[in-house]
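Work through the exercises below with the sequence and the model at hand. Each task is followed by a solution in steps.

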2 protein chains.
Amino acid sequence: MGALEGIRVVDLTRILAGPFCTALMADMGADVVKIESPKGGDPIRGQGEIKDGLSWYFALFNRNKRSITLDLYSDEGKQVLADMVRDADVLVENFKPGVLAKLGLTTDRLEELNPRLISASVNGFGSTGPYADRPAFDFIAQAMSGFMSVTGSDRSGPMRAGPPISDLIAGVYCAFGIVSALAKRGTKGDGQGQHIEMSLVNGLISMMAYFAADYFASGKLPQQSGNNHPIVAPYGLFEAKDGPIAVAASQLVTVDRFLEVVGLTHILQDERFATNAARMNNRDALNEVVNQATRHQTVDYWIEALNAAGCPCGKVQDLAEVFSDPQVLHQEMVQEIEHPGYGQVKVTGFPLKMSRTPCQLQRPAPRLGEHTNEVMKELGYDDGKITALRSAGIF
Amino acid sequence: MGALEGIRVVDLTRILAGPFCTALMADMGADVVKIESPKGGDPIRGQGEIKDGLSWYFALFNRNKRSITLDLYSDEGKQVLADMVRDADVLVENFKPGVLAKLGLTTDRLEELNPRLISASVNGFGSTGPYADRPAFDFIAQAMSGFMSVTGSDRSGPMRAGPPISDLIAGVYCAFGIVSALAKRGTKGDGQGQHIEMSLVNGLISMMAYFAADYFASGKLPQQSGNNHPIVAPYGLFEAKDGPIAVAASQLVTVDRFLEVVGLTHILQDERFATNAARMNNRDALNEVVNQATRHQTVDYWIEALNAAGCPCGKVQDLAEVFSDPQVLHQEMVQEIEHPGYGQVKVTGFPLKMSRTPCQLQRPAPRLGEHTNEVMKELGYDDGKITALRSAGIF
């Protein structure tokens, strides 16, 4: 009984940003029907680590969805799509701007088919403006949004985030927008629908936070500070005996706690380190003094001692450490689901914890077209019509 | 007329993750009442670039909200808070786990006061489990979630994202969770509420994408690949005459387009570069060959030529470039709002574009306690009671 139970989503998305949006809705209980090309379907089915023919990447981002195949470039396929739209609450797509209209679904046509519909588009730069037609990609959005200009250090130069965060952030945002529109319309569909648009670049720009605000206020460009804090020291990665520790001593009281735990309270008498301003000016010397102290003990030792003192700190965990971390396991961020024919498949869990309508693994990611007949019957198509469409290569 | 118009939010959040969540709801038209300590309020009021006494960082994350002051540690303050909860649709907080209960608002008490209430908590690691009581911080979440282990290069070591993305991602997720719960409950409040929880670490873990899926499938740890793609080449930053260009030639067809534009189609005859596997093995040599070609022209030249050929590419823009970029301006991602006494203040715009209920700047970020009297009157408090509470130092 998810929060979005009963909400029907027609899902035309492929690859990542759109499928993440619809996965979030499916995790919340929405009925997401993924429409895929009969010629191989979502390209993600062939990407990432493939085990016994199954992409675990596809499995992660398409759990809880159903799949139908449909030739969207045929007249009959367009008719089936129109019938589905008439019957849906939500349509989501992440084609390049203009492709949906080429499939016959202009904004006017969508409104005509179903005035209650919430339609949502995820794209790279927005559907209007000088870059609307440019091909989009996560890495490009990271570069164009300013994100890379404030990530990395002087030494490394501009650095991208490893994960495709512009896709994923756009996906969460779009889900938020859709559900807000659903709340406005009424989940029973008694109100009016609307169109929502979300772009990779705009999403990341909205996350420039104090970098953006400080730039607007001062006109000064932020500097790349690597793992250091731009205006606080000590802060960053320090060297324990067996690896780095991340320390965020962002307030004076936390600095005191940190220095006490590592046995360096006396350096506050040293004029190089007496104030935050002085410590910023002598950051390299400060970091070396701190590293000399922290190198004597292990990562685990410092994490325990610093947390006990109330100083925010943590290990720089690799994925093996993350997915065996007792807190991560306690929070059920690793889950398994039975994929018929493939055994148990591990996926990441649900970050949103809902007390009354918890997110749940209700079904594994679908085989290509697994639910075509089932969905067509729900649309009211009879066996003869389904067989005819299949014979014509529409499914 | 925002999508969340009429939704009343009691906002106990401070700093970033929580305030971003409630800012997103306020941008959607919700009536967000920010409750602040009479002793200075949200610490963000004193952080970031301060202009004429106004933090533009605070202004960005608190636009469209109202502010009241309230001493939550006094009996009278607790009573006012209880009255507000009784009257609200949503309560959001990002205290350390346990603090809300200390303020008298246990889950049971919230349910008793208002069974229709959606209450939401944002925290570092989740409210239960071995790390529940640890102090949380964006940088620590980036370290603990695995994010830093897949960001940066061999040379740079693990690298954090410059922006506080774990806070911001948790904020968007939480807004999505809240609105999903509202959709379930009915925005008219005819259904039952529930409690939602969102943590910084869990949010980032959910964004490990193919890194997580591939690790689950293979048991192998991903390598840090800096700005290069882990399994595709050429891809990354290349050197134009006047700066770097980001190129994401992620498919064979895009590789062909890229090499044609830069005049290097012939290198596909070179056995070092004939296949993607060969190019990955000889990435340094490949990048040098590409750089030799790209160095002859400017960034602008390549961006135009590559986009014309359909190869995803972009500038690595700094914030001055981002906020003067014609596409960014066309998308209204820079907005201004009049702050009485401070003139025009620039803020980033709304990434979600809603056709019927667009997000809007309706009011500037509030002065500390600006709306205390107004909100108390809406609660039904008379002038005498308000004056008495003010005299007692509750506001």
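**Exercise 1.** Find how many bridges join strand E10 of chain B to E11(B), and which way the two strands run.

Solution. Step 1: E10 covers residues 243-247 of chain B, and three bridges join E10 to E11(B). Strands here are DSSP runs of E with at least two residues, helices are runs of H or I with at least four, and both are numbered from the N terminus. Two strands pair if DSSP finds at least two bridges between them. Step 2: E10 and E11(B) run antiparallel.

The model is predicted: local features need pLDDT of at least 70, side-chain atom pairs count only at pLDDT 80 or more, and totals for chains, interfaces and linings use all residues. Residues are numbered from 1 along each chain as its sequence is written, while chains are lettered from A and ligands numbered from 1 in the order in which they are written.

**Exercise 2.** State the strand order of the open sheet in chain B that three strands form, and say which are its edge strands.

Solution. Step 1: the order is E9-E10-E11, with antiparallel pairing. Step 2: strand E9 (236-240) and strand E11 (313-315) of chain B are the edges, each pairing on one side only. Step 3: on average, neighbouring strands of this sheet are turned by 35° against each other, direction ignored. Axes are lines fitted to C-alpha atoms, for helices over the stretch in contact, and angles run from 0 to 180 degrees between N-to-C directions. Step 4: helix H13 (residues 299-308) of chain B lies across E9, E10 and E11 of chain B, at about 155° to E11(B).

**Exercise 3.** Describe the side of chain B that touches chain A.

Solution. Step 1: 116 residues of chain B are in contact with 114 residues of chain A, where contact means C-beta atoms, placed from the backbone, within 7 Å. Step 2: helix H7 (residues 165-185) of chain B gives the largest share of that side, 14 residues. Step 3: strand E8 (residues 194-199) of chain A and strand E14 (residues 353-354) of chain B run antiparallel and are joined by two bridges. A:Ile196 has B:Met354 in E14(B) as its bridge partner.

Definitions and conventions: Two residues are in contact if their C-beta atoms, placed from the backbone, lie within 7 Å. Ala, Val, Leu, Ile, Met, Phe, Trp, Tyr, Cys and Pro count as nonpolar, Asp, Glu, Lys and Arg as charged, and the others, Gly among them, as polar.
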